[in-house]
Amino acid sequence: MGQVEIDLEWESLVAKLTKTLGKKPNLDAILYLIGIQELGKGIRRFSKEQKQDLMHLGICKVLSLAGYYVFEGNDDDGWPHYKLQKSLPQFKIDEQEKLLKMYILEYFSEL
């Protein structure tokens, strides 16, 4: 997938989410939403630490689509856990963002 195609699909996704949420989400907010979706407990108040955990969960989920993480199971509180399967490449920030966006787009295409 080329950069132009990623950018166009990304803007389309952001527009849809903006319509649903009432404000434009950034990359972190979208990862947070994916984390909430994967937790499966609905929207509720989360502590600052839980919000960070949800963003990490979102990252693990989307990068599992590329084989970087593998789902291990849920803990006693129902939180999903992933294990690093293969090392992440050492990318510059913009390359990391592109990788995340590609797999976020794949994640939403599978919903």
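Guide: Lys 101 belongs to helix 4, which covers residues 93-109; helices (H or I, at least four residues) and strands (E, at least two) are DSSP runs numbered from the N terminus. The model is a predicted one, in which local features need pLDDT of at least 70 and side-chain atom pairs count only at pLDDT 80 or more, while totals for chains, interfaces and linings use all residues. Residues are numbered from 1 along each chain as its sequence is written, and side-chain values use heavy atoms, with hydrogens and water left out.

Lys 101 has a relative accessible area of 14% and is therefore buried; buried means under 20%, exposed over 50%, and partly exposed in between, with a 1.4 Å probe and protein chains only. Beyond its neighbours within four places in sequence, Lys 101 is in contact with Ile 6, Trp 10 and Leu 27, where contact means heavy atoms within 4.5 Å.

Lys 98 also lies in helix 4. Its relative accessible area is 30%, so Lys 98 is partly exposed. With neighbours within four places again set aside, Lys 98 is in contact with Met 1, Gln 3 and Ile 6. The C-alpha atoms of Lys 98 and Gly 2 are 10.0 Å apart, although 96 residues separate the two along the chain.

Trp 10, a contact of Lys 101, is among the residues with the most contacts inside the largest nonpolar core, as are Ile 30, Leu 54, Val 62, Leu 63 and Ile 104; this core has 29 residues. A nonpolar core is a set of buried Ala, Val, Leu, Ile, Met, Phe, Trp, Tyr and Cys residues joined through side-chain atoms within 4.5 Å. At least two residues of this core come from each of helix 1 (3-21), helix 2 (27-39), helix 3 (48-64) and helix 4, and helix 2 gives the most, with seven. Val 62 is in contact with Leu 31, Ile 34, Leu 100, Tyr 103, Ile 104 and Tyr 107, leaving aside neighbours within four places in sequence.

In the whole protein there are four helices and two strands, in the order α-α-α-β-β-α from the N terminus. Buried residues account for 32% of the 111 residues. Of the contacts with a separation of 6 or more, 48% join residues 24 or more positions apart. The C-alpha trace spans about 45 × 35 × 25 Å along its principal axes.
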